[in-house]
Amino acid sequence: MTEVPIQWLKNHHAFENPKSKLAAELFPPGLPQQIRRIHSEIPGYRMSPLKSLPRLAKRIGVGGIWVKDESARLSLNSFKVLGGAYAIYQKLLQRGGFSDKEMSLRDLLHLEGGRREKLGHPTFATATDGNHGTGVAWAASKMGFPSVIYVHSLTTQDRIRGIERQGGRVVVVDGNYDDAVRQASLDAQKNGWEVISDTSWEGYEDVPKWIMQGYATMFVEAQEQFAAQGIQRPTHLLVQAGVGSLAAAAIGFYSVLFEDNVPLSMVVEPTEAACLYESMRIGDGKPHSITGELDTIMAGLACGDPNPLAWETLYNCADFFAKCPDYVAAKGMRVYSVPLAEDQFIVSGESGAVTLGALMYMMEYEGARELREAMGLNQESQVLLINSEGNTSPDEFRSVVWEGSLPVPEDFKIHVKEDED
Ligand SMILES: Cc1ncc(COP(=O)(O)O)c(C=O)c1O
């Protein structure tokens, strides 16, 4: 049987309980702005655009669709570098015993002599399903250090080449993303490398926290961009998740910023790799892993082990959890790339586009009526989405957008409405 486009759960815990202490710890007042200032020292830094799709919004019945478009962030096609670069910077401050006043990120790019010697000769290592490793390799090499990046055996050649182009040495591991995480950590221990992982485990929390904090730059920028449009805040956030760090950063940031009037939020995962959804379904408040091949086109979201820190934030702050099959992401990619007249064109990869597909089904698919009512989505809603990647895997991108692979199943086609387009 064809899978329905969206399955969902309401997080009663988040509705009924005080917001997370962890979110407040992650984003104390002033820190997100400071992190954004640090990022702005990176050569080539520019605010990523906040794009608007007013015609599509009107067509599906919401007030606005706003897309934080990370498809060209620092020419790396994904938001991920924000986390990796900030975490490496923090790690180097720690190694050298410097404060951020004593060594800015800009200083680090040109550091020589005794001050560089104080940092030692670290090699940075991480596992990745593509984008995080590319960001870590890029940031490490900009700061003058080598990196070793672990990928799993289903990683596409495009993604591997992307990492190598940024100076990373790639190690391919049998198994899935979670196996790559374990192998990277074992090898790092043996070789004395610094692990820059976007997921946490017992005794390893500083780096993943820095990574989540690093993502805050996107939302500081978005708030400035909303203000310029006369919008105080988005009313709804839909965020895609792999291990959950991005979602925890987005939802945590907004729940701290608008304490009494928090945007309603939803975490969206691929059906084949929905570890946060599954943790919510089990409902004991703990993170739960799923195993197997995690076979989805949404490579960036193909993770079976939730980041425990992210889970804690999401369990306390995220209002809904949803999972969607691959054809929903494919539909999102096509809609972004062929917009309605007046709407802005967006290049969006598999993991970037799933939230747009999910939003469209939420509004247009009869079977999602209860969900859109529970989310309070209507013509007043200003919905924020994150296009978390551009065309990061050109073969797959063309297969979906040009060749039409993963078409919408007959049962879930939305009948064309009368429209002037
Ligand atoms: C493009 C893209 N979007 C979203 C995510 C999800 O981030 P997280 O694993 O923090 O949930 C990733 C992770 O690699 C990604 O590459």
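**Sheets, domains and a ligand shell**

The protein chain has 19 helices and 11 strands. This is a predicted model, in which local features need pLDDT of at least 70, side-chain atom pairs count only at pLDDT 80 or more, and totals for chains, interfaces and linings use all residues. Residues are numbered from 1 along each chain as its sequence is written.

Reader: What makes a stretch a helix or a strand here?
Author: Both are DSSP runs, numbered from the N terminus: helices are H or I with at least four residues, strands are E with at least two. β7 covers 194-195.

Reader: How do you know what radius of gyration a compact globule of 421 residues would have, and what does the protein chain have?
Author: The radius is taken over C-alpha atoms, and the globule rule is 2.2 Å times the number of residues to the power 0.38. For 421 residues a compact globule would come near 22 Å; the protein chain has 20 Å, which agrees.

Reader: Why are β6 and β7 at the edges of their sheet?
Author: The open sheet has four strands in the order β6-β5-β4-β7, with parallel pairing. β6 (168-173) and β7 (194-195) each have a single partner strand, so one side of each is left without a neighbour in the sheet.

Reader: Which strands are at the edges of the seven-strand sheet?
Author: That open sheet has mixed pairing and the order β1-β10-β9-β8-β11-β3-β2. Its edge strands are β1 (7-10) and β2 (50-52), each pairing on one side only. Within it, β8 (residues 236-240) and β9 (residues 264-270) pair in the parallel sense over five bridges, with V239 opposite V267 in β9.

Reader: Which residues surrounding the ligand are the closest?
Author: G242, S245, G300, S388 and E389 are the closest of the 21 residues that surround the ligand. A residue counts as near if its C-beta atom, placed from the backbone, lies within 6 Å of the molecule. α8 (131-142), α13 (245-257) and α17 (350-364) give two or more residues to this shell; α13 gives the most, with three.

Reader: Why is the ligand said to lie between two domains?
Author: Domain bounds come from an automatic or database domain assignment. Domain 1 (7-78 + 212-412) and domain 2 (81-197) both give residues to the shell, so the ligand lies between them.

Conventions. Two strands pair if DSSP finds at least two bridges between them.
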